[in-house]
Amino acid sequence: MNTDVTWFKNAVFYEAHIRSFCDSNGDGKGDLPGLTSKLDYLQELGIDCLWLLPMFPSPLNDDGYDIADYHNIHPDYGTVEDFKTLISEAHARGIRVIADLVLNHTSDQHPWFVESRKSKDNPYRDYYVWSPTDQKYKDARIIFVDTERSNWTLDETTGEYYWHRFYASQPDLNYDNPVVADTMIDVLKYWMDMGIDGFRADAVPYLFEREGTNCENLPETHAYLQRVRRVLDEDYPGAILLGEANQWPWDLRPYFGGDENDPTVPGNEFHMAFHFPVMPRIFKALKLGDATDVLDIMSKTPSIPENCQWCVFLRNHDELTLEMVTTEDRQLMWNLYAPDEQMKLNLGIRRRLAPLLDNDRRKIELANSILFTLPGAPIIYYGDEIGMGDNISLFDRNGVRTPMQWNAEPGAGFSTAKPWAPVIDNNEYGYQKINVAAQQADPRSLWHLMKHFIATRKANPVLGWGSCEFLSPGNNAVLAYLRQTGDAALLAVHNLTDRPQPARFNLPDFAGVTPTDVLTGQEFSPLDSSAALTLQPYQYLWLRLK
């Protein structure tokens, strides 16, 4: 494996839902051996790092984010030995692996909580946050607004309330208890010692609670995460901590650490963090043909330490979240992208990428072009590389977690048994038509294009390391930006509409340069102090200028 500790800066990530990826033993549920059998597929696609959704024993009230045992593998998925095999086989192919680390809460079936609720003087009582009243921390928002009316739930056994930021079946751990803080570090080390390459840390803004605050992004939370980072840096160099914090960029900046006024000072908290707010604005831009909101949020995105990186994405295993937009824009996005009430969930939209974009290949390509050229490392959600559909009739977020469609055989090549969730089987997105085998056999398929995007991205490290200057092409329908390092420059240009669009750029530093589209090899006329283009509907260009 490459020993470069900044490998993640220009990496391409792939998010896999183990339960839905590949079933090796014919029980209808995906598992670790099944995932291991598909590592050659990920290698061929060009993936650098595999992100695994929760794999621990769990009652699965929240698809594994309700952990009942931090030290084992869910029996549906296999064993700890199967996990070790996955890691070694992935590394043999040059693929790193990160796993979800759920720090904030456990399942109510975790032995710690089972003990905690037995009595007020139980030794495990202080592992969780208890109160005789449900009136504390009233400034904290409720996240799962569709299902929860309070962040407190009464436990009838002891007559006290326990605190939870998500489902009532997910009590929050008490990080003011040093035993809990130490124990969770031990959990991290337990899995790191098996050879994984880091963690995607789930729901990190909520680790501590303080009266008079919204109980998010507290100084105590940052202090603890910096401690986690020190453990990784000292004992597991090259491992990363990827933070999931659905926050505004300026609220996220402290999670990288370092000096907010000097990006040359190394970060000492998260190596990476998801840029949540830009994602819905990409979809808004595509629907309205207007780049304004993307430009606005990126202009408000602070610089981060040079040893850190954003993670950018179009879709993932959750709903397309609309938490980081205005109330008016949330309603607009619902109107534009969720005309059926079933498509809505919490403050978001439970749809996959292809259905959101009307299964229009031009829009899907354009959205991915933006993903691969914006500042940050791109994450592909399993199945989006072939344009899989969704099933909004399924419960909660399961509609975007259906089985991977490998081929046109019964069960879509996912399983020889009845799958845990039905495979997509309709005229537009059915497995008989949309599957890996068919797309690998068709050089013009979306799969081949995504493979080409990945290879081109990695061949142009300016997209991982470069600065980003957003340009004014004189037309809001065109999104354009210049990515630069000391020895490379690449201009990314996107027509957000279904009509030809003119664009003009002032590029005095590149007079005399012949732009070349690195995706196609097409050369354009040499530049003078400016460049004029007419972009075709939904056209995108990655123009090498230096």
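**Close-up views of a predicted model**

**View 1. Strand E10 has both of its faces covered.** On one side, Gln309, Cys311 and Phe313 are buried. The whole model shown here is predicted.

**View 2. E10 pairs with strands E9 and E14.** Strand E9 covers residues 272–274. Three bridges join E9 to E10, and the two strands run parallel. Within this pairing, Phe274 has Cys311 of E10 as its bridge partner. Strand E14, residues 377–381, is also parallel to E10 and is joined to it over three bridges. Here Phe313 has Ile379 of E14 as its bridge partner. Strands of a sheet pair through backbone hydrogen bonds.

**View 3. The largest pocket has a volume of about 470 Å³.** Its lining is made of 22 residues. Nearest the centre lie Ser303, Ile304, Pro375, Gly466 and Ser467. E15 supplies the largest share, with four residues. By class, the pocket lining has 11 nonpolar, seven polar and four charged residues.

**View 4. Strands E11, E13 and E12 form an open sheet.** The order is E11-E13-E12, and the pairing is antiparallel. Which strands are at the edges? They are E11 (320–321) and E12 (344–345), and each pairs on one side only. Two bridges join E12 to E13, residues 348–349. Lys344 stands opposite Ile349 in E13.

**View 5. The largest cavity holds about 410 Å³ of space.** Its lining has 29 residues. Closest to the centre are Phe144, Phe166, Glu244, Asp318 and Arg397. By class, this lining has 12 nonpolar, eight polar and nine charged residues. A search of the whole structure finds four cavities of 30 Å³ or more.

**View 6. The second largest cavity has a volume of about 60 Å³.** Among its lining residues are Leu314, Arg315, Asn368, Asp384 and Met450. Helix H13 (361–373) and E14 each give two or more residues to this lining. Which element gives the most? E14 does, with three residues. Ile379, the bridge partner of Phe313, also lines this cavity. By class, the lining has seven nonpolar, one polar and two charged residues.

Technical notes
Residues are numbered from 1 along each chain as its sequence is written. This is a predicted model: local features need pLDDT of at least 70, side-chain atom pairs count only at pLDDT 80 or more; totals for chains, interfaces and linings use all residues. Side-chain values use heavy atoms; hydrogens and water are left out. On a 1 Å grid over the protein atoms alone, a cavity is a set of points where a 1.4 Å probe fits but cannot get out, and a pocket is an open set with protein on both sides within 12 Å along at least five of seven lines; lining residues have an atom within 4 Å of a point. Grid points are joined across faces, edges and corners, and a volume is the space filled by probe spheres set on the points. Ala, Val, Leu, Ile, Met, Phe, Trp, Tyr, Cys and Pro count as nonpolar, Asp, Glu, Lys and Arg as charged, and the others, Gly among them, as polar. Buried means under 20% relative accessible area, exposed over 50%, partly exposed in between (1.4 Å probe, protein chains only). Two strands pair if DSSP finds at least two bridges between them.
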